Amino acid sequence: MASTQVHPAGQPDWNNLDVLHKNTLPPRTNFYVYNSAKDALTYDSSKSRIHSLSGVWKFSHSKNPFEAPEGFEDPSFDTTKWDDLTVPSMWQLNGYGKGPHYTNVNFPIPVDPPNVPFDDNETGSYVKKFTVPEHLRGSQLRLRFEGVDSAFHVWVNGKEVGYHQGSRNPSEFDITSIVNENGENTVAVRVYQWSDATYIEDQDQWRMSGIYRDVHLLGFPAKSRVENLFVQTKLDSQYLNAEFKLRVDVTGSGNLKVELFDPKKSATVASGTKAVSGGSVDFSFPIENPSKWTAETPTLYHLLVSLDDASFIAHRIGFKQVEMKDGLIKVNGKRLVLKGANRHEHHPKFGRSVPYEFLKNDLMLMKTHNINAIRTSHQLSDHRLYDLADELGFWVMDEADLECHGFESIADGALSAADRALPFRERQLLTRKTAAQWTTDNPAWEKAYVDRAQQLVHRDQLHACVTIWSLGNEAFFGRNFKAMYNWIKSYDDSRPIHYEADIHAETMDMYSRMYPPVEEIVKFGEDDSKTKPLVLCEYVHAMGNGPGNIKEYVDAFYKYPKLQGGFVWEWANHGLLTKDETTGDEFYAYGGDFGDVPNDSNFVMDGVLFSDHTPTPGLIEYKKALEPIKVVSYTSQKATIVNRYDFITLDDVECSYQILDDGKATSQSGTIELPSGLQPGQTADLSLPSPSSELKGEVIVQLFFRQRTDTLALPKGFEIAFDEIPLIERSIPLSIQPKSSAKLRITETPSLLTIASDSTTWTISPIDGKLRSLTKKSASFLASSPDLTFWRAPTDNDAPQDGWDWKERLLHLAKTHTRGSSWGSSDDGSLFTVNVKQQFRPPVLSWSIDLDITYTFHASGTLSVRTKGTPRGENLPRTLPRIGFTMELPKEWAGGDDKAPVTWYGRGPGESYSDKKLSQRLGVYSVSEVSQLWTDYEFPQEGSNRTDTRWVKFTHKGGETVTAQFADLQSTAGEKSRKLFDFNASHYRVADVDVAKHPYELHKKRTENVVLRLDAAHHGLGSGSCGPRTRDEYALLTKEFEFEVLLE
């Protein structure tokens, strides 16, 4: 019988659960070897025994490993016709393969673990020539990859060196024996898009591939060298003195010297020397009252380890002790509150290949927005982040590279009809139990899971910032997570361990939840049976316009000790900068924009930063909620503040004030002395200044809390908190008071009524009840008639909940229908009134809102519009998006000249909503162009609203003005007082915003007119895109309403 050929010849490493690594060196903490103590203590890796192999490589892309170039690893292989590709990078962002693919939960491949596609597994072949620099010759040479997605083989000079999988974990190979120190060398790497590791790397992110972090050639001493370091800092029962414990793993023999320097590197705090001969060597030093490391006081000491005075290793050390005590997470004996952010690694052009300065800017932004904690969702971050976090001060929840969420979709799809009808939480428990059987509760996968824990802890254990280990994300719960927990505790018992899917905290050191309503965490806080704390690993989902009601969560963190904070989801949108293939327009792409199927659309755009990493309005609001100094109560004479820091006093904070009269700054300003030594959690009373008796408007005092001294992150004078306190609360009369002894001039035709005063002329149709024009002198104010409207372009947070109800009730299709009108003049001729009866109704359904609208024209030039609405019928929507008038103004009201087209007194300068407004201060604001009011969300939606407005003034290019105010219908007899309202002025019609999928599409629909909304009420935002809908106290519930708006 003829011989039979078999393909493939053997089980590929990338499809073999028994092969995680081949010939990799044991994982270790990240450090570099230097030739002198002086160089080592600079922490400048360029002075170490290192040679970068990042840069331009030759590259070839193939559909699968079997069609990749054979023999490419041979130094003689001709790669001259291959492309040049920069490393680090991701090949999909350089035009190779199918392109980026975004899914949140679902696997993008057929599910058959551990098997992945053989014929559709994109493969990148990389080749680089290098020579060994002089300063590395004679060393043990190590080839180190900081990150390769998802698995790879590596060859040097044609010889296979090894294999590694674990996309976000580093790998290191000893290549000493196969390198030519005196000639040219060839390193060849073959990277596979999919491997069996893909099943446990199913994070909510773009699926992209390549050598995306740096590659280095490292030199270690050839015979005797330090292999690894392990450090613990144990504090005594008073958290005063410390024991510094160090373990050094050594190959070879020699004299091992350990020195610990003070934060200024000017004095030796401890030192010791031991003769070593391989193995592990332990040191222990008592340290008298070291300065403690916290995120608020990131004091770092400096460890220097040398062997035979020939090789030197330095690492920053923070003295801190994390423990579970009294049912809480405590650091140095004190409870802390995690005011955090979930940070994925993402760059809008380079994907997960994030440049250092971009990374650093992220952390500086966090510091300036009161964020004190980072969850490295959902994998190890670039090692340089931890150096920065040590220095700047962050609590880091360091997360293993592990998620297999896609199995839940399979389990959920297999539920019976009865199980599908269960409440979400009960259904989720069922699906998680089934989903865990694939890998999490499968003993065959234990080695792969524990490897993820080992890679995490070995690399980052020395970093002071690492406060909590996290075992991964959305991978259910089972035996393999218990094995991870047990291994970590056996190796490093100095930190607590987190994992959200251990719902009952059966094994983990804390409870964890995602996106619960406030009431649920308050119930937890009040439950005395809970003996472990709760951390919200994800909350206030920041997708699009939002999140709303952040304050309620943060207040609960401080009211209930067991609630120890949370991490906003998430730090930044993951848009990828690209161009429309037809038009060339640039935009930030999300799922589906690259033809990727299946995808989860714009669910990847859910951060408090836009994709270019500039703040969204949501980050500004988050900063306000996280402020470390809060006014908790006040009278007109004093304010009570609380110190919400965890460790420090307010001695480095200064307070100043400014008194406003109806939004304008007065001459009354100054400083208020803060009490010295105010400890965390303590309150103090501040005496408030007395306002001048000459002030006649709404009088408030603004308090500003600023940094008194420079820190690494915050300059002197930087504002960390502010508050506003009313000093004089009184009813403020409308600035529009429609009184005049003049008479109006009326002209009537069957289809149009014309009303004229000395300054203003109006026309209104008695047929449809619409105001046709408003002309002040020669300036026409209306390009389209004011219409009472209720719709807004749904936000991402609207869409799944309140927005779903609006669409279900056909609110977006409802229109106003006029039933009749009546009109007449007052006896003295100074007033003319038009009453319009209308109904707002959808097709198909029977509900309606009956409208009674009365237009009153005054000889003074004022128009009053009083509206009463009565909802009726079945199937009414539970809430309404908004209630108000929409109209358009001609382009002459849009600005762009020397006049401010819009000036308002209210909250500003940015957008605000009922549950997202506390970051916006009261004042009188103006813009030079209407376009400056617009928030250009990367997925177009409702935005740019201004709430709590007292008045808004519009200015024509010719100088004419029209002012809008709302009247308080509860005003007593006499002058009417003003009522707060919302307004929105832009160049975009709601229907165009509603259908646009990207900003560039919307920009093409831009009108030169000013689209103006004057709203009596507006629905809040919530965080319903992945969390609770808008809370009822911020919701615009469907019920009777009445309001009056005045235009002058």
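The questions below go through cavities, a helix and strand pairings in turn.

User: How many cavities of 30 Å³ or more are there in the whole structure?
Analyst: This is a predicted model. Rolling a probe the size of a water molecule over the atoms shows where empty space is left. A search of the whole structure with a cut-off of 30 Å³ gives a count of seven.

User: Which lining residues lie nearest the centre of the largest cavity?
Analyst: The lining of the largest cavity has 14 residues. By class, three are nonpolar, six polar and five charged. Nearest the centre are Asp 149, Arg 168, Trp 194, Glu 201 and Arg 207.

User: What is the make-up by class of the lining of the second largest cavity?
Analyst: The second largest cavity has a volume of about 80 Å³. Among its lining residues are Leu 771, Tyr 855, Phe 885, Met 887 and Val 1045. Strands S50 (863-872), S51 (882-889) and S60 (1041-1047) each supply at least two lining residues. By class, the lining has no polar, no charged and ten nonpolar residues.

User: What does helix H8 span from its first C-alpha to its last?
Analyst: H8 covers residues 479-491, 13 residues in total. At 1.5 Å a residue, 18 Å is expected. The span in the model is close to that, at 19 Å.

User: Which residues of H8 are buried, and what covers them?
Analyst: An α-helix has 3.6 residues a turn, so residues three or four places apart point the same way. In H8, the buried residues are Asn 480, Phe 481, Ala 483, Met 484, Tyr 485, Trp 487, Ile 488 and Tyr 491. Their cover includes helix H7 (446-460) and strands S16 (225-235), S17 (242-261), S27 (466-470) and S28 (497-498).

User: How many residues lie between S16 and S17 in their hairpin?
Analyst: S16 and S17 run antiparallel, paired over ten bridges. Val 226 stands opposite Val 250 in S17. In the turn, Tyr 239 has a positive phi of about 55°. The number of residues between the two strands is six.

User: How many bridges join S17 to S18, and which residue in S18 is the partner of Asp 249?
Analyst: S18 covers residues 268-287 and runs antiparallel to S17. These two strands also form a hairpin, where Lys 265 takes a positive phi near 60°. The pairing has 18 bridges, and the partner of Asp 249 is Ser 280.

User: Which residue in S19 is the bridge partner of Lys 257?
Analyst: S17 pairs with S19 (residues 301-307) as well. This pairing is antiparallel, over six bridges. The bridge partner of Lys 257 is Ser 306.

Methods:
Residues are numbered from 1 along each chain as its sequence is written. This is a predicted model: local features need pLDDT of at least 70, side-chain atom pairs count only at pLDDT 80 or more; totals for chains, interfaces and linings use all residues. Side-chain values use heavy atoms; hydrogens and water are left out. On a 1 Å grid over the protein atoms alone, a cavity is a set of points where a 1.4 Å probe fits but cannot get out, and a pocket is an open set with protein on both sides within 12 Å along at least five of seven lines; lining residues have an atom within 4 Å of a point. Grid points are joined across faces, edges and corners, and a volume is the space filled by probe spheres set on the points. Ala, Val, Leu, Ile, Met, Phe, Trp, Tyr, Cys and Pro count as nonpolar, Asp, Glu, Lys and Arg as charged, and the others, Gly among them, as polar. Helices (H or I, at least four residues) and strands (E, at least two) are DSSP runs, numbered from the N terminus. The expected span of a helix is 1.5 Å times one less than its number of residues. Buried means under 20% relative accessible area, exposed over 50%, partly exposed in between (1.4 Å probe, protein chains only). Contact means heavy atoms within 4.5 Å. Two strands pair if DSSP finds at least two bridges between them.
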